[in-house]
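These are my notebook entries from a first look around. Please keep the model open beside them and follow along.

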Amino acid sequence: MSVLADCLKTITNAEKRGKRQDLIRPSSKDIVKFLQCMQQHGYIGEFEIVDDHRSQKIVVELNGRLNKCGVISPRFDVPVNEVEKWIVNLLPSRQFGHIVLSTTYGIMTHEEAKRKKTGGKVLGFFY
């Protein structure tokens, strides 16, 4: 299981248990960018990176809005014209939920990728 998958599984489980915050370890750049996407859309609160002179830990404040988040493995290529197909397959409705893509412009949600008219590799989803 990848580091990102482990992180998202931990967050989902803590959210289901009704916890207020969650400790994620180890940390990576992918995880931080993914969490920033979730934070921009209000699915999680603040998160803090704790440096323990090893692989770092992240403390995430949960606000109870997250229903599910997960990783898509392997990271499939998604051209711009196929983003809609992935939305239909992964998200419960068209009104809410986000697919996170790794593009040449960085890690972003499918809406930003559509605006910038770029495809990429699908990392995961949250709603």
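This is a predicted model: local features need pLDDT of at least 70, side-chain atom pairs count only at pLDDT 80 or more; totals for chains, interfaces and linings use all residues.

Residues are numbered from 1 along each chain as its sequence is written, and side-chain values use heavy atoms, with hydrogens and water left out.

**Entry 1: Val 78**

I looked up what Val 78 touches, and found Val 83, Trp 86, Leu 101, Gly 119, Gly 120 and Val 122, not counting residues up to four places away in sequence. Val 78 lies in strand β5 (helices, H or I with at least four residues, and strands, E with at least two, are DSSP runs numbered from the N terminus). I also noted that Val 78 is buried, at 3% relative accessible area (buried is under 20%, exposed over 50%, partly exposed in between, with a 1.4 Å probe and protein chains only). The C-alpha atoms of Val 78 and Val 122 are 6.6 Å apart, although 44 residues separate the two along the chain.

**Entry 2: Aromatic rings**

How many aromatic pairs does the structure hold? I have five on my list. Rings of Phe, Tyr and Trp (its six-membered ring) pair if their centres lie within 6.5 Å; planes under 30 degrees apart count as stacked, over 60 as edge-to-face and the rest as tilted.

Phe 76 and Trp 86 have ring centres 5.7 Å apart and planes at 40 degrees, so I wrote this pair down as tilted. Phe 76 sits in the loop between β4 (69-71) and β5 (77-78) and Trp 86 in helix α3 (residues 83-90), so the pair ties together parts 10 residues apart in sequence. Phe 76 is partly exposed at 39%, while Trp 86 is buried at 15%.

Next came Phe 96 and Tyr 127, with centres 6.4 Å apart and planes at 75 degrees, so this pair is edge-to-face. Phe 96 is partly exposed at 37%, and Tyr 127 is buried at 16%.

I also found Phe 34, Tyr 43 and Phe 126 linked by ring pairs into a cluster. Arg 65 lies over the face of Tyr 43, 4.8 Å from the ring centre (a charge sits over a ring if NZ of Lys or CZ of Arg is within 6 Å of the ring centre and within 35 degrees of the ring normal).

**Entry 3: A sheet**

I traced an open sheet of three strands in the order β1-β3-β2, with antiparallel pairing (two strands pair if DSSP finds at least two bridges between them). β1 (21-24) and β2 (44-50) are the edge strands, each with a single partner, so one side of each has no neighbour in the sheet. Between β2 and β3 (residues 57-62) I noted five bridges; Ile 44 has Leu 62 as its bridge partner in β3.

**Entry 4: Salt bridges**

I listed seven salt bridges (a side-chain nitrogen of Lys or Arg within 4 Å of a carboxyl oxygen of Asp or Glu). Asp 52, Arg 54 and Lys 57 are linked in a network of them: Asp 52 meets Arg 54 at 3.9 Å, N to O, and Lys 57 at 3.4 Å, N to O. Arg 54 is exposed at 70%, and Lys 57 is partly exposed at 25%.

Another salt bridge joins Glu 84 and Lys 114 at 3.0 Å, N to O. Glu 84 lies in helix α3 and Lys 114 in helix α4 (residues 110-115), so this pair ties together parts 30 residues apart in sequence.

How values were computed: Contact means heavy atoms within 4.5 Å.
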